[in-house]
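Thank you all for coming; I would like to take a few minutes to walk you through one model, beginning with a pair of helices and then turning to a sheet.

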Amino acid sequence: MSVGIEKVGFYTAPYYIDMVDLAKARQQDPNKFLVGIGQKQQSVIPPSQDVVSMAANAATNILSDEDKQLIDMIIFGTETGIDNSKAASMYLQSLLGISDNARAFEIKQACYGATAGLQMAIDYITLHPDRKVIVVGADIARYGLNTSGEVTQGGGAVVMLISNQPKIIQFDGRSTFYSKNVMDFWRPGYTKEAKVDGHYSNDVYIDFFNRTFKQFLQKFDLTINDFSALTFHVPYPKMGIKALRSVAGEDDPSMESIWHEFHESIIYNSRVGNLYTGSLYLSLISLIANSDTLSAGDRIGMFSYGSGAQGEFFAGILQDFDNSKLKHAVDQIINNRNQLTISEYEAMYKQGLIDAANTANDLSGDSSRFVLKGRSDDKLIY
Ligand code: CAA
């Protein structure tokens, strides 16, 4: 019985800012952002995009009509919910034309939501091998203008089709997890901007990675050398570097290839920024799209982290997968974004904080297949 990722899609909005521009505007040394944080660019999400439209844009080019009939579950991981009651998956189901004979719901646990969905999907396909599940990780990361978290903003969506034809990655259900009630990052119901105890959140992340990774090695009798690559939830690239450093010395010759693959795994994240629930999966896309050295049968470790906090480590086996189409699609999305000045970004950011109830969104400049048009009678229109 095999189960895993059959197809994967990615979307981010058609705007970005350069981190050198942001550093200059905030009177910071650009190297703090480029080297200290590891971020080069950051996607900016306009009011014409929310988690539903971004997920629909990520999914639209990967699902065939046959897939849509075979999908039994639409699991939407997000911490940027568009309604306190109705799940984002209901809109996605109708926008994509997925069968009505499906379970459709949303999962929230900070950046961990999509991993909870993925594990549920793996279990479901194991029991129902002739069906398919889609798992979404879509978010907009907002900390506020002129805050220390601003350089770690971003947004976008990753959609994975899980089935018994794992053409990209196969999973075996083995994972280790750890959770604890901590206040490292959270977002009270009244605000669109996150609250964060930044340095503490770094420490909790490293602690949870070490616990789950070491438990995984012990439980399944493995060593770090059994992995060809380790991928991470990437709130910002330096966070992944810190985590990998805690188990693999950068100067250790035996760790050279794991560091090489790690750098492939942050190429896209360093240009898009934090996707929260989608960040680990964008990092996985970055690795498999950009690495020329991985091959079928390689074991890829994956660390998922959701503040609050939940950590999980699991692994997948890379399949004989031609990455050229995926690389072309993701490169195009990222390379074709329009660069904004910092004042244009600030204006767009402020617009995104206002609930555009009963007003139409300005769609000029956003030619994405799916857009949020606005609200009518308190109902969202796409
Ligand atoms: N040249 C090179 N490096 C420089 C530099 C320069 N001129 N100036 C500073 N640096 C380095 C610092 O030495 C530091 O490096 P180390 O971390 O290796 O020590 C790095 O730049 C950052 O500097 P500071 O720690 O002073 O930065 P800061 O106080 O402004 O905050 C931050 C950084 C805590 C990450 C902040 O951006 C933040 O709070 N971000 C949001 C929280 C976050 O992403 N946490 C991650 C774990 S939680 C999680 O993963 C869930 C999630 O998605 C949010």
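This is a predicted model: local features need pLDDT of at least 70, side-chain atom pairs count only at pLDDT 80 or more; totals for chains, interfaces and linings use all residues.

Helix α9 (residues 256-265) and helix α11 (residues 279-290) have axes that come within 7 Å and cross at roughly 115 degrees, where axes are lines fitted to C-alpha atoms, for helices over the stretch in contact, and angles run from 0 to 180 degrees between N-to-C directions. That makes α9 roughly perpendicular to α11, since angles of 65 to 115 degrees count as roughly perpendicular, under 35 as roughly parallel, over 145 as roughly antiparallel and the rest as oblique. In this crossing, Glu261, Glu264 and Ser265 of α9 meet Ser283, Ser286, Leu287 and Asn290 of α11, contact being C-beta atoms, placed from the backbone, that lie within 7 Å.

Residues are numbered from 1 along each chain as its sequence is written. The mean pLDDT (the predictor's confidence in each residue, from 0 to 100) of the protein chain is 96, and 99% of its residues reach 70 or more.

Now to the sheet, which is open, with three strands in the order β3-β2-β14 and mixed pairing; helices (H or I, at least four residues) and strands (E, at least two) are DSSP runs, numbered from the N terminus, and two strands pair if DSSP finds at least two bridges between them. Its edge strands, each pairing on one side only, are β3 (41-43) and β14 (338-339). Strand β2 (residues 15-18) pairs with β3 in the antiparallel sense over three bridges, and tyrosine 16 has serine 43 in β3 as its bridge partner.

Key. Two residues are in contact if their C-beta atoms, placed from the backbone, lie within 7 Å.
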